[in-house]
Amino acid sequence: MISMRLRAMTLLLATLAGTATMVTPTVAAAAEKTVTFTSQEDSYVSEAGPGKTHHTVTWLSVCTTPCDGAKATERGAFVRFAVKDVPDNAVNVKMTLDVQSVRTTDTTLEVRPVSGEWTADTLTFDNRPAVGEVITTHKGLTAGGTAKLDVSPAFTGNGSYDFALTSPSGAHGVLHSSRATSGTGPKLSISYDTQAATPSGPLPFAMPSTAALRASERKVFAHYFTPYPLSLNNKAGADDYYTKHYLTPTGESGKHAAYGGLLRDRPAPRGVLAGDWQLADMKKEVQTAVAAGLDGFTVDVLSLTSAHWGRLQTLIKAAEEVDPGFGIVLMPDMTSLKTDAATLAASMAKLAASKSVYRLADKRLVISPFKAEGQTAAWWQNFMKIMKDTHGITVAFVPVFLNFPSNASAFASISYGFSNWGNRSPAGQSGIASNIAKAHGMGKIWMQPVSVQDERPNQGIYDEANNTENLRLTWQKSISEDADWIQLTTWNDFSEGTQFAPSVHNGGAYLDISSYYLTWFKTGKAPAIVRDTLYLTHRTQLAAARPASGTQTKFMTPRSGTSAPRDTVEVLSFLTRDATVKASIGGVEKSYAGQAGVQAKTFPLAYGMNKASVGAVTVTSPWQVKQDFTVQDLQYHAVSSGRK
């Protein structure tokens with residue numbers, strides 16, 4: 001079949017800046033409209049004549065191989081449309097591809113997005129562009145009849161749409177081309193209305209459907225760390241392991257006393273569950289990630305036995321039951337796995353039997369080891385050979401390096417793509433463009449790390465994230481520099497303070513902000529803001545302060561090369577229009593001219609409580625900034641007006 005590689009069909013036209021101003025959406029009277037477009041170009045390719053063009057004929061051929069009983073005779077059609085005049089505030093959009101059949105056959109049609117360049121007058125089987133995953137199918141063609149194929153998941157607004165028509169089964173299908181002397185060539189119809197209701201839920205924009213987001217080749221995963229599931233012992237929050245042992249200096253027999261406890265934040269507490277509570281928790285995590293637009297988890301494989309291995313298997317089972325399309329990317333952790341290639345291969349092959357373990361469209365299994373340079377390229381090449389020869393599994397290798405530039409060349413011949421673990425402060429993000437360019441120059445995809453912050457009490461270091469600046473900057477550069485995949489680092493590593501998952505201290509705010517940029521990344525344009533939303537972030541203590549009491553003796557200091565520590569409250573606003581934003585910082589009233597779109601405004605941190613409002617929309621932080629405290633905590637706390 002034609003290659004399955006997919007890329008976004010809409011080009012990113014805007015260069016991102018630190019504060020982006022969005023166009024205010026308009027709300028028109030209710031109106032249902034339909035616009036229809038004939039194909040700009042169309043042709044087909046045939047494996048039987050691999051170098052031949054078919055741009056002058058009046059038909060399009062679609063057929064699996066063998067076609068008409070002959071081997072090596074696959075055929076596929078390509079068609080292009082130019083869509084215009086669909087307003088930005090269009091809702092309830094349905095996009096339909098109409099093709100008319102020349103004869104009656106039992107052909108099954110597949111529609112796929114096209115990712116490469118082509119023109120009808122030069123298109124051949126040999127130079128055909130790559131195509132993506134199936135958007136929709138239609139079985140059976142009737143002579144003179146029109147097959148209507150719903151391609152709504154591919155809609156991203158005005159622009160060029162290229163589709164491939166392929167067939168996995170049935171007889172040779174023949175369709176009218178745009179040059180047909182009788183009959184009708186391909187058409188693309190888009191129906192919509194412009195009554196844009198304010199969406200329910202916490203987000204400042206209308207979240208596209210899961211199908212629409214997954215139609216993009218650009219994938220977004222979050223790094224899942226098995227030591228910190230939603231619950232460790234199925235007890236209520238006040239009595240569970242997090243509260244009793246990880247958040248207090250006296251927990252686990254006092255072994256974390258020197259640095260004030262292992263953690264500063266935790267997953268949102270829950271009550272006691274009956275039945276298989278571990279599976280229920282994992283299913284909830286998958287559901288949360290799916291709702292945020294994620295394609296899957298990259299799961300840190302810390303062990304091939306023990307509780308971590310069991311949690312990994314439970315997570316895979318949860319994905320199977322919640323959403324088999326949610327992919328679990330296997331990420332052997334080479335800082336902790338001390339095993340031979342054959343043993344690792346056997347374990348990975350066992351997991352790969354699940355339909356939820358992530359594979360490319362061509363069925364290659366993605367293996368993405370953390371600190372891949374912990375073993376040589378030759379070691380990994382042997383691992384992949386064992387996977388193929390012993391287990392019948394072809395691997396797409398996407399190593400995650402701690403030092404990408406030093407290892408790229410050695411690993412290039414065995415890798416499908418590259419990634420690095422990345423940095424956690426604005427000062428550390430200058431290399432993003434060069435990393436992506438280097439990977440693309442070597443013909444590899446690039447998985448860019450996107451992060452919130454980093455705080456490690458037990459290691460005595462932290463990164464200065466500048467409120468949400470690091471989060472926004474890593475997303476913005478991922479978009480502007482054309483990253484292929486994203487890894488959110490991390491979903492739930494609470495020991496490094498890098499969590500995107502809803503927690504006590506962030507309430508889901510960081511994940512909500514990321515859903516906005518994720519939608520931009522996948523669709524190629526910034527989502528229209530339809531609901532005023534405010535996010536408030538701040539620390540609860542000054543960066544240089546030390547506890548006035550308590551037993552802590554080991555303190556966090558800034559990591560070398562991080563941004564300069566700062567003490568600020570940030571109001572991040574998503575506004576449908578220009579409006580006055582009011583803020584109360586430590587009880588002192590402030591106001592400023594808020595801009596339509598996305599805007600970050602900072603104020604000096606002060607002792608007391610913080611809140612902000614625009615019109616009737618209000619966000620109040622429950623976290624008091626204190627002068628006296630017992631444990632050092634340099635994480636930013638976050639709260640959203642959309643989540644009460």
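Biologist: Where is threonine 490 found?

Modeller: Threonine 490 sits in the loop between strand 22 (485–488) and helix 11. Helices (H or I, at least four residues) and strands (E, at least two) are DSSP runs, numbered from the N terminus. The model is a predicted one: local features need pLDDT of at least 70, side-chain atom pairs count only at pLDDT 80 or more, and totals for chains, interfaces and linings use all residues. Residues are numbered from 1 along each chain as its sequence is written, and side-chain values use heavy atoms, with hydrogens and water left out.

Biologist: What kind of peptide bond joins threonine 489 and threonine 490?

Modeller: That bond is cis, with omega about 15 degrees. Most residues other than glycine have a negative phi, and most peptide bonds are trans.

Biologist: Which bond at proline 66 is cis, and where does proline 66 lie?

Modeller: The peptide bond from threonine 65 to proline 66, with omega near 5 degrees. Proline 66 belongs to the loop between strand 3 (59–62) and strand 4 (75–83). Alanine 72 is found in the loop between strand 3 and strand 4 as well; its phi is positive, about 50 degrees, although it is not a glycine.

Biologist: How do you know that a disulfide joins cysteine 63 to cysteine 67?

Modeller: The test is a pair of cysteine sulfur atoms within 2.5 Å. For cysteine 63 and cysteine 67 the S to S distance is 2.1 Å, so the pair is a disulfide. The structure holds 1 disulfide. With 110 degrees about the S-S bond, this link is right-handed.

Biologist: What makes helix 10 and helix 11 roughly parallel?

Modeller: Their angle. Axes are lines fitted to C-alpha atoms, for helices over the stretch in contact, and angles run from 0 to 180 degrees between N-to-C directions. Under 35 degrees counts as roughly parallel, over 145 as roughly antiparallel, 65 to 115 as roughly perpendicular and the rest as oblique. Helix 10 (residues 469–480) and helix 11 cross at roughly 10 degrees, with axes coming within 10 Å; the two helices are therefore roughly parallel.

Biologist: Why is helix 6 called oblique to helix 7?

Modeller: Helix 6 (residues 341–351) and helix 7 (residues 377–391) pack at about 50 degrees, their axes 9 Å apart. That angle makes helix 6 oblique to helix 7. The crossing of these helices is right-handed. In helix 6, the residues in contact include Ala341, Leu344 and Met348; in helix 7, they include Trp379, Phe383 and His391. The contact of helix 6 with helix 7 divides into 12 nonpolar, 2 polar and no charged residues.

Biologist: What makes helix 4 oblique to helix 5?

Modeller: The axes of helix 4 (residues 277–291) and helix 5 (residues 306–322) cross at roughly 60 degrees and come within 8 Å. Helix 4 is oblique to helix 5 because of that angle. Helix 4 passes helix 5 in a right-handed crossing. Among the residues in contact are Lys283 of helix 4 and Arg311 and Glu321 of helix 5. The classes are 7 nonpolar, 3 polar and 4 charged.

Biologist: What makes strand 28 and strand 31 edge strands?

Modeller: Two strands pair if DSSP finds at least two bridges between them. 4 strands form an open antiparallel sheet in the order 28-25-23-31. Strand 28 (597–604) and strand 31 (637–640) each have a single partner strand, so one side of each is left without a neighbour in the sheet. The twist averages 15 degrees from one strand to the next.

Biologist: How do you know that strand 23 and strand 25 pair?

Modeller: Strand 23 (residues 533–538) and strand 25 (residues 568–575) share 5 bridges in the antiparallel sense. One of the bridge partners in strand 25 is phenylalanine 574, facing threonine 533. Helix 11 (residues 509–523) packs on this sheet and touches strand 23, strand 25, strand 28 and strand 31; its direction makes about 65 degrees with that of strand 31.

Technical notes. A crossing is left-handed if the near helix is turned anticlockwise from the far one by less than a right angle, and right-handed if clockwise. Contact means heavy atoms within 4.5 Å. Ala, Val, Leu, Ile, Met, Phe, Trp, Tyr, Cys and Pro count as nonpolar, Asp, Glu, Lys and Arg as charged, and the others, Gly among them, as polar.
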